[in-house]
Amino acid sequence: MRQSQLLANTLREAPAEAEVASHRLLLRAGYIRQLAAGIYTYLPLGLRVLRNVERVLREEMDRAGAQELLMPALQPAELWQESGRYNAYGPELIRLADRHQREFVLGPTHEEVITKLMKNEINSYRKLPVTLYQIQTKFRDERRPRSGLLRGREFLMKDAYSFDISWEGLDQSYQAMFGAYQRIFDRCGLNFRAVEADAGSIGGEGSTHEFMALADIGEDTIAVCSQCGYAANLEKASSVVNQVGSGSNVDRPMSEKIHTPGVHTIEHLAQYLHIRPRDIMKTLIYLADGNPIAVLVRGDYEINEIKVKNALGVDTLELADAETTAAVTQASVGFAGPIGLSIPLHIDETIISMEWGVAGANESEFHLRHVVPGRDFIVARVGDFHIVKEGEVCARCETGKLRFVQGIEVGHVFKLGTKYSEALGARYLDANGSEQLMIMGCYGIGVSRLVSAVVEQHCDERGMVWPTAIAPYQVHLIPISSKDTTQTKLANDMYDAFKQRGVEVLLDDREERAGVKFNDSDLIGLPVRIVVGKDAVHGKVEYVDRRSNEKQLLSLDEALSRISASTL
Ligand code: 9G3
């Protein structure tokens, strides 16, 4: 491609709202342009990267035995009413009416569509298992689209769906996709972790894993074990809770009330009583599916509401407001405690680790000290309801320490089970002729988000540094002087030679100063640059590796063979 014709205007500055590196660089290097918040045009350079990622996706999905299809973005609302999700989602689900006033949604995902399709296409166990995938535009009206392609409102997703006749079959389909994902992210040059995750709104019976590209700007926090391979989203991560005290509290005096006027935070209470937050039993009142419950956690921990929700199997869990708390505890907020409540107590394991503690007295302006779990309140419904902390011991290997890293979720795989096949009636006849529900899994990769994640991990102060497998071109061929016939001839000969060898090459044939060409080349970030300059008279060109910035003088043939080898 000749750069004088390429639609790729590089910018000296990025707009102020572009904060993360990938957003700034993709704009400045002429890869994308914003049409509206969270909605982007891929310019030729950006589209070439997207197409390269798609090629990797198709190769690995096909290798894993999945079949590609393409579903519509426009989905009848009836499907979402049948699955019960039409009202489960708010403004994030884009709804519209057609000319006959029929309701549709712009698809944010395709469980309903694919399940309906399979209901109509498959009726015998002989036709299963099957895994289908598509690479297709998704619509999610994010409240706050940001960071360029990282969180858009219209974005590209590879979504796959597996259908099996047994749970063992689902495990195999899941493993096949899991392996394909590892190869995909490796080939795209991503430093990633597969982490245990929470199934969230999608539900489903089995486990799920998220694939996280490690990046400081990542929105997700992952707990990673220093010893074993354990890695989990903080929503789900667990650790070994260290026991405090000698474990004997037989001679602990009876609990007694203490006046704590205006003291309704853990920090303030700790100061007021000259104790540590870890000596306090934090009690918060929640509404679980609307019913009040109390959750207790040691004062130096935070409650993990996802864990509570999953343990209780409820759809909604929200902190009770002041009047509900007052009605349930007969006290204002900050004085709730486990003794004397008539609602269920859900006790985190960090409470069990306490010999005694200070708790709210369920009376405004009063707390209790010497409260002993099991003696002063029933210890039932014990669970893991806290957010783990860095440095804690890994619950899996019980030796390594947990440390936190940030990640960008680029993939998510789920064992759905029969949630959708049941809702939409996707059944097949088994070998005995009786009807069975198909057992499903679903597997997503954010394709446009992946492009940004790659840039976050592959860039420097001068610009992007594309991994060879997905770079828009392999070589940036730069003649220095368009006036010098030796240089332009050598450059054009190389250009033709590269094209003959099937090497994707961008020739900077613009009438620009060398400095401009080099700055643009650094910004665009092709993996190799070939500079045709004053050494052309000796038949030599400068070979520059964009990542290491290593420079070498090579002959035309050496450069050609060096490039061809690296693109194999
Ligand atoms: C919606 C809206 C947003 C959503 C969903 C539905 C996320 C929704 C979860 C998934 C699960 C998997 C198949 C590919 C992999 C991910 N955001 N999810 O279901 F209506 Cl507005 O999409 N789907």
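Start by selecting Thr109 together with the ligand: in this predicted model, an N or O atom in the side chain of Thr109 sits 2.8 Å from a nitrogen atom of the ligand. Then bring in Arg140; here the ligand atom is an oxygen, 3.0 Å from an N or O atom of the Arg140 side chain.

How much of the ligand does the protein cover? On its own the ligand has 500 Å² of accessible area, and the protein covers 91% of that. To see where the shell comes from, colour strand 8 (154–164) and strand 26 (439–446), the elements that give two or more residues to the shell around the ligand.

Now show the whole shell of 17 residues; the ones that come nearest are Trp80, Arg85, Thr109, Glu111 and Arg140. Colour the shell by residue class and you will find 10 nonpolar, 2 polar and 5 charged residues.

Look for an open sheet of 5 strands, with mixed pairing and the order 17-15-16-18-21. Which strands stand at the edges? They are strand 17 (317–319) and strand 21 (382–383); each has a single partner strand, so one side of each lacks a neighbour in the sheet.

For a last stop, zoom in on strand 17 and strand 15 (residues 281–288), which run antiparallel and are joined by 3 bridges. Select Tyr286 and look across to strand 17, where Leu319 is the bridge partner of Tyr286.

Notes. Residues are numbered from 1 along each chain as its sequence is written. This is a predicted model: local features need pLDDT of at least 70, side-chain atom pairs count only at pLDDT 80 or more; totals for chains, interfaces and linings use all residues. Side-chain values use heavy atoms; hydrogens and water are left out. A residue is near a molecule or strand if one of its heavy atoms lies within 4 Å of it. A polar contact is a pair of N or O atoms within 3.5 Å; within protein, one must be able to donate a hydrogen and the other to accept it, and residues adjacent in sequence count only if both atoms are side-chain atoms. Accessible areas come from the Shrake-Rupley method with a 1.4 Å probe; for residues, only the protein chains shown count as cover. Helices (H or I, at least four residues) and strands (E, at least two) are DSSP runs, numbered from the N terminus. Ala, Val, Leu, Ile, Met, Phe, Trp, Tyr, Cys and Pro count as nonpolar, Asp, Glu, Lys and Arg as charged, and the others, Gly among them, as polar. Two strands pair if DSSP finds at least two bridges between them.
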